[in-house]
Amino acid sequence: MVRLINGKNIHHVANMAYAIMHLQEFFTHIKGYNEPKMDSCIYAMWHKNQFLVYGIKDKAHLSIQVSTSLDGEIVARVIEKMGFKVVRGSAERRGAVTSTMQMITRLNEGESVGIMVDGPRGPLHKVKNGVIKLAQKTGKPIIPVHWYSPQKTFITLPSWDKMKTPCGDCNILNVYGEPIYVKEDATEEEIIKVRDNIKEQLFALEAKAPELYKEAAKNKLWKK
């Protein structure tokens, strides 16, 4: 079977994807709730919510981990054009050690990173160890984050993770959780508790996001 995306057309596909997302920028309005007051941290999100990074401030000092796959190459090119930094690799695949070291370096230099904790291919809602290793090695906090909008223009794509994305004029709320720190010498039992904490916070943010959105809309947050 011929692959629609290949090495010969990837440049054109990436440019087309960027053009679409750049146009969408003008119609995407993301506000934050409980945004962290820190310069350097590890943003943790489900894979389906990876586009929420657009609402994180200071994009120039935010590195996003992207897989080394051909699809990942397209994503990497697009988000670099959008002003983010990119680290190629994943916690459990080719390039894992290199990408982890790059993210540790950037965190230690005072920057932030974004991690899809159940990526790049699942299982869905299973928190992997990569985000925990980064927190252990750097002492930086893990910040769970979720995004939400009740508008019809906030659509769900037919992907394995049911990815969410705005399509048209859309007001969205980024909801941030509480910082999670991991001791460098954390025991296996403590690591399990951290993993559970990340998962619980992400689900809790998803559960309370609708009410927080209503409050934000009532306060006319998107008109400020």
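Biologist: Does lysine 162 count as buried, partly exposed or exposed, and at what relative accessibility?

Modeller: Buried means under 20% relative accessible area, exposed over 50%, and partly exposed in between, with a 1.4 Å probe and protein chains only. At 49% relative accessibility, lysine 162 therefore counts as partly exposed. This is a predicted model, in which local features need pLDDT of at least 70 and side-chain atom pairs count only at pLDDT 80 or more, while totals for chains, interfaces and linings use all residues. Residues are numbered from 1 along each chain as its sequence is written, and side-chain values use heavy atoms, with hydrogens and water left out.

Biologist: Where does lysine 162 lie, and what is its phi?

Modeller: In general, most residues other than glycine have a negative phi. Lysine 162 has a positive phi, near 60°, and sits in the loop between strand E7 (154-156) and strand E8 (164-166). Helices (H or I, at least four residues) and strands (E, at least two) are DSSP runs, numbered from the N terminus.

Biologist: Which value does phi take in lysine 220, and where is this residue found?

Modeller: Lysine 220 also has a positive phi, near 55°, and belongs to the segment after helix H5 (188-218). With a relative accessibility of 52%, lysine 220 counts as exposed.

Biologist: How many helices and strands does the chain have, and in what order do they run?

Modeller: The chain has 5 helices and 9 strands. From the N terminus on, the order is α-β-β-β-α-β-α-β-α-β-β-β-β-α.

Biologist: What does the radius of gyration say about the chain?

Modeller: The radius is taken over C-alpha atoms, and the globule rule is 2.2 Å times the number of residues to the power 0.38. For 224 residues, a compact globule would have a radius near 17 Å, and the chain agrees with its 17 Å. The C-alpha trace spans about 50 × 45 × 30 Å along its principal axes. Buried residues make up 45% of the chain.

Biologist: What share of the contacts joins residues at least 24 apart in sequence?

Modeller: Contact means heavy atoms within 4.5 Å. Among contacts between residues at least 6 apart in sequence, the share is 71%. Beyond its neighbours within four places in sequence, glycine 55 is in contact with Ile30, Asn174 and Tyr176.

Biologist: Which residues of helix H4 are buried?

Modeller: Helix H4 (residues 130-138) is mostly covered, with 7 of its 9 residues buried. These are Gly130, Val131, Ile132, Leu134, Ala135, Gln136 and Thr138. Just after H4, glycine 139 takes a positive phi of about 75°.

Biologist: How many aromatic pairs does the structure hold?

Modeller: A pair of aromatic rings is described by the distance of the centres and the angle of the planes. Rings of Phe, Tyr and Trp (its six-membered ring) pair if their centres lie within 6.5 Å; planes under 30 degrees apart count as stacked, over 60 as edge-to-face and the rest as tilted. The structure holds 5 such pairs. In the pair of tyrosine 213 and tryptophan 222, the ring centres lie 4.8 Å apart and the planes stand at 40°, so the pair is tilted. Tyrosine 213 and tryptophan 222 are both buried. Ring pairs join Tyr148, Tyr213 and Trp222 into a cluster.
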